[in-house]
Amino acid sequence: MLFISPTESHRGTPGHPSPLPTMADSMDIDDSLYSRQRYVLGDSAMQKMARSAVFLSGIGALGVEIAKNIVLAGVKAVTLHDCKRCEVWDLGTNFFIREEDVVEAVHSRVAELNPYVQVSVSTDVLDENTDLSFLKRYQCVVLTETKLSLQKRIDRFCHSQQPPIKFIGCDVFGICSRVFCDFGEAFEVSDPTGEEPKELFIQNISQENPGVVTCMDSRTHGLQTGQSVCFKEINGMSELNGTTHQVTVLSPYSFAIGDTSSFQPYAHAGIFRLVKMPKTFTFETMEQQLSDPRLLTPDFSKPEAPLQLHTVMLALDAFLEQHARLPNIGVNQELVRSVSRCARGCLSPLAAVVGGIASQEVLKALTGKFSPLQQWVEAHCFNVDFGVCRGDRYDALRACIGESLCLKLHTFQVFMVGCGAIGCEMLKNMALMGVGLSRCSGEICITDPDLIEKSNLNRQFLFRPQHIRKPKSTTAAAASLEINPELQIDAHLNKVCPATEDMYSDAFFSRLNLVVTALDNVEARRYVDSRSVSNQKALLDSGTMGTKGHTEIIVPYLTESYNSHRDPPEEEIPFCTLKSFPAVIEHTIQWARDKFESAFSHKPSIYNMFWQTHSSAQEVLRVRIILHSMEGSFQVIKLLSRRPTQWEHCLALARLKFDKYFKRKALQLLHSFPLDTRLKDGSLFWQSPKRPPSPIEFDLNDPLHFSFVVSTARLFAGIYNIPHSEEVRGTFNYLYQHIETDETVKKPDQLQMTVSSEEERQAISQLQKAISSSSVTPGRLRMTPTFFEKDDDSNGHMDFVASASALRAHMYAIEAADRLQTKRIAGKIIPAIATSTAAVAGLVSLELIKVAGGYGFELFKNCFFNLAIPVMVLTETAQVKRTQIRDDISFSIWDRWTIFGHEDFTLSDFMNAVKEEYGIEPTMVVHGVKMLYVPVMPGHNKRLKLTMHKLIKPSAGRKYVDLTVSFAPEVDGDEDLPSPPVRYYFSRERESGETA
């Protein structure tokens with residue numbers, strides 16, 4: 001094979017690429033880049049991937065998606081093979097082709113995505129006569145845009161190798177797609193699901209054959225018969241500790257493990273954990289699978305569709321090879337016509353979906369992580385309206401959806417909230433489809449207040465290292481314009497929330513055709529959803545977590561909204577558990593985070609607010625002497641009087657914190673609740689899930705102890721604006737000999753760091769002393785709060801949390817977490833990978849086309865997928881529900897009633913207008929939290945004569961308000977009947993562009 005380099009830095013000879021940095025060189029993983037992906041794949045899989053090479057043939061719409069995803073993931077090397085030259089057509093399908101590149105390749109832009117990946121190029125012919133021995137240097141071969149006969153030949157070669165070369169063949173023909181996998185006759189997977197095994201506490205284990213294990217507090221175990229669990233920390237039936245047993249599920253809360261009749265009786269405590277067992281998968285060659293395929297079924301409402309599509313696409317393969325007519329076969333004729341008419345076309349969102357799926361299969365092939373596809377997935381989008389080619393960048397799209405729908409996309413006004421991973425992928429898809437073109441008066445408005453961080457570069461492919469610390473929205477907008485200069489993009493740096501409602505007003509929403517959310521939190525989603533419903537605009541929502549993804553399509557008057565359903569709230573850790581009785585590592589990590597927030601963020605913020613309110617220490621002292629108390633002053637005076645002034649003082653304070661957290665707390669608990677304490681029922685106080693603490697004696701030579709002191713001292717130095725020294729060991733060795741940690745010992749003034757008396761006179765005394773020593777300077781009345789930042793290892797934040805959590809875990813005999821796991825839990829990091837992001841954005845973009853086309857309810861699809869298993873489920877959207885007020889009056893969440901008033905319009909006029917317009921008389925009127933009219937409230941009947949202006953008191957320029965109205969029930973004693981929001985206009989003029 002001939003390798004042609006896209007840039008000087010990637011020049012090499014066949015089989016000997018030039019040396020570039022790779023993770024495999026040292027097996028060190030760049031956490032600042034890969035942190036989110038590490039939580040998806042794990043370090044072992046990442047390292048296997050960094051030793052692997054991939055051959056990818058075909059760099060069209062699908063191939064470039066796969067190349068993007070696997071290069072972002074961090075394989076060792078990728079060879080991009082393609083013999084074709086770029087055409088104008090490709091501008092609408094390949095996001096790495098520019099107008100000036102019509103005769104050039106795009107490989108250098110792929111290489112820019114990840115400096116750790118070697119990207120080389122091959123332009124040699126690959127056909128039936130090619131010697132395939134060159135493929136032996138690759139661990140995985142991916143073919144796109146390849147004839148079926150050649151795919152079969154290459155797959156046979158890969159399957160016959162020892163070990164087999166993993167083979168993936170995939171295609172997108174217009175509205176149809178397929179992926180095929182062959183990983184050999186015996187492909188072992190170390191972790192079939194990727195789910196983190198749960199640890200659950202045991203309530204009881206019976207002494208019988210078989211022994212039955214019951215979960216504590218009726219927690220569901222989530223096990224399946226045949227799986228294995230291991231046991232630890234069991235008291236009584238200790239023979240089970242450290243052993244692994246296969247389970248037979250008896251109920252959601254219990255399972256059998258075999259004969260326990262000869263063991264000691266179970267006493268108390270104990271934890272079990274699922275043991276992940278390797279699984280071997282068997283694959284057939286493509287030749288064998290063509291006639292009897294194993295197919296994934298995405299849409300269970302159409303179980304026959306995959307096999308029909310398989311047959312149609314095989315017919316299309318034959319047609320393409322023989323250049324004959326369409327086959328006349330006895331399947332869905334409309335499907336045959338749709339496939340054939342748009343086969344040369346390309347839907348870039350479909351390529352994104354298939355590219356995400358195929359890329360994840362590549363990673364599985366290289367790592368043995370997650371269950372592989374067995375062995376086909378085939379899908380088509382929707383019926384098409386064939387369009388005539390015009391020789392521009394939109395011909396591939398036009399061939400699939402027709403001219404009129406293509407033009408509709410060009411004129412679309414879209415508001416996208418969030419420009420992270422999903423946002424970047426959405427912008428790429430919209431740019432390729434020509435959504436929001438300036439020449440058609442279309443526009444894409446995007447907003448995101450965040451700046452780009454290095455960890456974003458692993459998934460947010462529009463960003464490069466030179467963009468770090470720049471705004472996401474403006475950078476993403478500029479990158480999108482490189483893909484399609486015809487776009488009209490307006491980039492903002494705002495949150496979308498009540499505080500920005502003047503900017504993102506009803507008039508703003510009235511101009512939109514569509515709202516897209518690319519957000520990472522529920523609260524923001526709920527707010528944007530409420531604004532979309534209020535303004536009757538379609539909303540496309542999506543999200544990912546690791547290999548899982550979901551989409552939700554919200555269409556006015558057809559579907560329910562995001563707020564129509566609520567997930568169960570996250571289970572919060574009880575305060576007493578965090579404070580005194582941690583049972584699992586999550587408790588100790590959250591405790592450490594809370595300590596960080598309290599000591600280094602909350603207290604400094606309170607301190608600053610206090611001194612901003614009170615002008616001087618002398619004034620505070622005068623008030624305290626007179627009143628003996630002053631709100632908020634006690635904590636502030638304590639901080640002022642104990643404020644360190646030198647780096648050595650910070651080290652001393654950190655050393656004293658060690659004893660407070662990890663020694664004195666344990667002694668106090670054991671004093672209050674000795675180990676033999678029993679409850680009223682006679683059971684032990686200290687039994688599972690409660691763990692008795694063990695005091696920790698400080699050991700200067702213990703790296704964990706030393707790490708806690710140094711990281712804590714650094715943080716204290718930061719909030720007190722004290723320069724810290726990098727040379728710590730010598731200074732601390734000296735201080736270690738002089739720090740008094742006995743609470744009864746009088747401290748030297750400069751080291752008076754222990755908790756002072758809580759009596760008011762002590763506070764006055766401390767403040768007097770500080771003033772008399774002239775230490776109350778303006779600088780000492782200010783602190784610098786520190787806000788937790790998990791991704792900067794140089795700031796010491798994770799050093800504190802990791803060491804504090806590990807020490808507390810040791811104190812309570814809890815198995816400690818490594819730094820990576822601690823960072824995920826403490827930072828509430830959502831695992832993420834580019835494959836699922838690309839797939840979910842592609843699915844959303846397909847629904848965007850349906851919204852633009854005004855499709856009916858039955859054609860919109862929500863989706864849930866898990867690429868790890870793999871599973872993809874398409875479901876109909878939730879149909880909107882109607883609330884009945886009377887037999888002939890009902891409403892849905894999308895309805896809004898409208899009443900127009902004038903300056904003298906009274907509350908009585910308003911109620912009569914509602915009755916006249918909508919056939920029912922209100923019994924209660926509310927504006928926000930203010931009750932305008934409730935008949936049973938004293939004096940409210942007098943309000944009927946007051947004008948709406950006087951009752952509501954609108955702000956200057958306010959043209960309308962939304963009121964809540966209810967009606968009397970038909971049967972006495974029933975609850976009042978609700979209504980949709982009633983928009984009351986203070987005059988006949990509506991807000992510009994606003995519709996009722």
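Me: How many helices and strands does the secondary structure of the chain come to?

Reply: Helices (H or I, at least four residues) and strands (E, at least two) are DSSP runs, numbered from the N terminus. The secondary structure of this chain comprises 28 helices and 32 strands. This is a predicted model, in which local features need pLDDT of at least 70 and side-chain atom pairs count only at pLDDT 80 or more, while totals for chains, interfaces and linings use all residues. Residues are numbered from 1 along each chain as its sequence is written, and side-chain values use heavy atoms, with hydrogens and water left out.

Me: What percentage of the residues of the chain count as buried?

Reply: A residue is buried under 20% relative accessible area, exposed over 50%, and partly exposed in between (1.4 Å probe, protein chains only). Of the 996 residues here, 55% count as buried. Accessible areas come from the Shrake-Rupley method with a 1.4 Å probe, and for residues only the protein chains shown count as cover. The accessible surface of the chain is about 43600 Å², and 51% of that belongs to carbon and sulfur atoms.

Me: What share of the contacts in the chain with a separation of 6 or more comes from residues 24 or more positions apart?

Reply: A contact means heavy atoms within 4.5 Å. Residues 24 or more positions apart account for 72% of the contacts with a separation of 6 or more.

Me: Is Leu 135 buried or exposed, and which residues does Leu 135 touch?

Reply: Leu 135 counts as buried, at 1% relative accessibility. Its place is in the loop between strand S3 (118–122) and strand S4 (140–143). Not counting residues up to four places away in sequence, Leu 135 touches Phe 55, Val 141, Ile 154, Phe 157 and Ile 165. Leu 135 also lies 9.3 Å from Val 54, C-alpha to C-alpha, although the two are 81 residues apart in sequence.

Me: How many salt bridges does a search of the whole structure find?

Reply: A salt bridge is a side-chain nitrogen of Lys or Arg within 4 Å of a carboxyl oxygen of Asp or Glu. A search of the whole structure finds 43 salt bridges.

Me: Which residue forms a salt bridge with Asp 30?

Reply: Asp 30 pairs with Lys 454, and the closest N and O atoms are 3.0 Å apart. The pair links distant parts of the chain, 424 residues apart: Asp 30 is in the segment before helix H1 (31–41), and Lys 454 is in the loop between strand S19 (443–447) and helix H13 (472–483). Asp 30 is buried at 12% relative accessibility, whereas Lys 454 is partly exposed at 34%.

Me: Why does the pair of Arg 36 and Asp 791 tie together parts of the chain?

Reply: The side chains of Arg 36 and Asp 791 meet in a salt bridge (2.8 Å, N to O). Arg 36 lies in helix H1 and Asp 791 in the loop between helix H23 (760–772) and helix H24 (797–811), so the pair ties together parts that are 755 residues apart in sequence. Arg 36 is buried, with a relative accessible area of 11%. Both residues belong to a network of salt bridges that also links Asp 31, Arg 38, Asp 43 and Lys 823.

Me: Which residues make a nonpolar surface patch?

Reply: Patches are made of residues with over 30% relative accessible area and no salt bridge; like charges are joined within 9 Å, and nonpolar side chains (Val, Leu, Ile, Met, Phe, Trp, Tyr) within 5 Å. Met 931, Val 936 and Met 937 make a nonpolar patch of about 280 Å². Met 937 is partly exposed, with a relative accessible area of 33%, and lies in the loop between strand S30 (930–933) and helix H28 (948–952).
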